[in-house]
Amino acid sequence: MGLTAEGAGAMPAVTWTPGFRQFRAKLLRKPAFFCFLLWISCWLLLNASISIRRSLFADYCTDQRSKGILRTLCRDYRQGVLTGDLCEDLCVTQTMVYKRCLYYDKGKKVIQADWNGQPIILKSKLENFLSYESLYLLDERESRPIPDVDILVFTALEIKHSLGLEVKNVTIPQLWTKHLKGRTGSFSRAELSSMWSLFQQEEYVFFQLLQNLSKHVLRVIGSCGHFYAVEYLTAGHAWHRSLFSLEKLVPLSWRGSSRKAWWQVTNGIALSFLELARHFENDFSHQLHLCDIKPENFAIRADLTVVAIDVDMAFFEPKMRAILEQNCTDDEDCNFFDCFSRCNIETKKCRAERSNNNLQVSCNILL
């Protein structure tokens, strides 16, 4: 931009040079450019917030979603995709009804329901039935019946893979549902698919194997597809002064009684914890290690028996040794949640033997 005068006394005129035009064009374009930047920033921020929200609330427990999961389960049952001894009660007679969602955790779904007026818990490691791997034999044999011996072989291999155990003399009714006991004939595709979805859930197999061997594990009531039902017990909680709500355990006739009666209840629970620790370490063919001991993973029955209700981090000795044997530089590298080992400095490998035990961890955390 320059200033020139045309004659004496003339007002100076503004001459628009090419440089000024470019400068003016840039000024005019800047607001549009800033608006574009603002729009892009808002769009990125919105997408980031949506992504964060999805990650935070992907497993958020809601009644709407839980009811939808059970509706899908019943739809698959009516279409003959899956089956189970509780499907009729849940999907047809409706003697089992949804009560509330308890929690979702890393895909695991835990739902409370009422079954013939009694509270029960429905569990599944994954939300959708089709998320589980199908049984290889179903695809290979197609419509031909599969011999029971083949099913048992595949079941034994799956148990060894999930729990590290070699099982013998186990039957399908023992592992899946008692209503098959004594039945002759081959299994249907829906039965095999449902059975196989349950066998891929370590906690289910764990509970089923110990049903007649331990009073310290949840009772399995039955199943429908990939969901299995267990007895309802109130879990412990770290924020409660006594870990468990004793008011729900003490008979009404005891309430308001002496401190001695309450001490008897507390002592009974403590003794049951000690019995559980001894039982898991000595009464099975392999020692059972609890690597996540916290109040929320235990509950109390009315007879004051302590029950392990979440055993996702419980391992028998063969699998525990495989987990602990890893590379290390010091002992801290050998800690697997509540199960500790020691580092062999020479080999740079953790020792396969656990250096602490269930009783020590229970005393440190619970008592």
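## Disulfides first

A disulfide here is a pair of cysteine sulfur atoms within 2.5 Å. One such link joins Cys291 to Cys339, with an S to S distance of 2.0 Å. The torsion about its S-S bond is about -100 degrees, so this disulfide is left-handed. Cys291 lies in the loop between strand E8 (288–290) and strand E9 (298–300), and Cys339 in the loop between helix H10 (317–324) and strand E12 (343–344), so the pair ties together parts that are 48 residues apart in sequence. (Helices, H or I with at least four residues, and strands, E with at least two, are DSSP runs numbered from the N terminus.) Cys291 and Cys339 are both buried, where buried means under 20% relative accessible area, exposed over 50% and partly exposed in between, using a 1.4 Å probe and protein chains only.

## What you're looking at

This is a predicted model, so local features need pLDDT of at least 70 and side-chain atom pairs count only at pLDDT 80 or more, while totals for chains, interfaces and linings use all residues. Residues are numbered from 1 along each chain as its sequence is written, and side-chain values use heavy atoms, with hydrogens and water left out.

## The other cysteine links

How many disulfides does a search of the whole structure find? It turns up six. Number the bonded cysteines in sequence order and the pairing reads 1-5, 2-4, 3-6, 7-10, 8-11, 9-12.

Take Cys74 and Cys91, joined with an S to S distance of 2.2 Å. The S-S torsion of Cys74 and Cys91 is about -80 degrees, so that link is left-handed. Cys74 sits in helix H2 (residues 63–78) and Cys91 in helix H3 (residues 87–91), so the bond ties together parts 17 residues apart in sequence. Cys74 is buried at 8% relative accessibility, and Cys91 is buried at 9%.

Then there's Cys87 with Cys224, their sulfur atoms 2.1 Å apart. At 105 degrees about the S-S bond, the link of Cys87 and Cys224 is right-handed. Cys87 belongs to helix H3 and Cys224 to strand E6 (residues 220–224), so this pair ties together parts that are 137 residues apart in sequence. Both Cys87 and Cys224 are buried.

Rings of Phe, Tyr and Trp (its six-membered ring) pair if their centres lie within 6.5 Å; planes under 30 degrees apart are stacked, over 60 edge-to-face, and the rest tilted. That rule gives nine aromatic pairs. One of them, Phe206 with Phe316, is tilted, at 5.9 Å centre to centre and 35 degrees between the planes. Both of these residues, Phe206 and Phe316, are buried. Phe206, Phe207, Phe280, Phe284 and Phe316 form one aromatic cluster.
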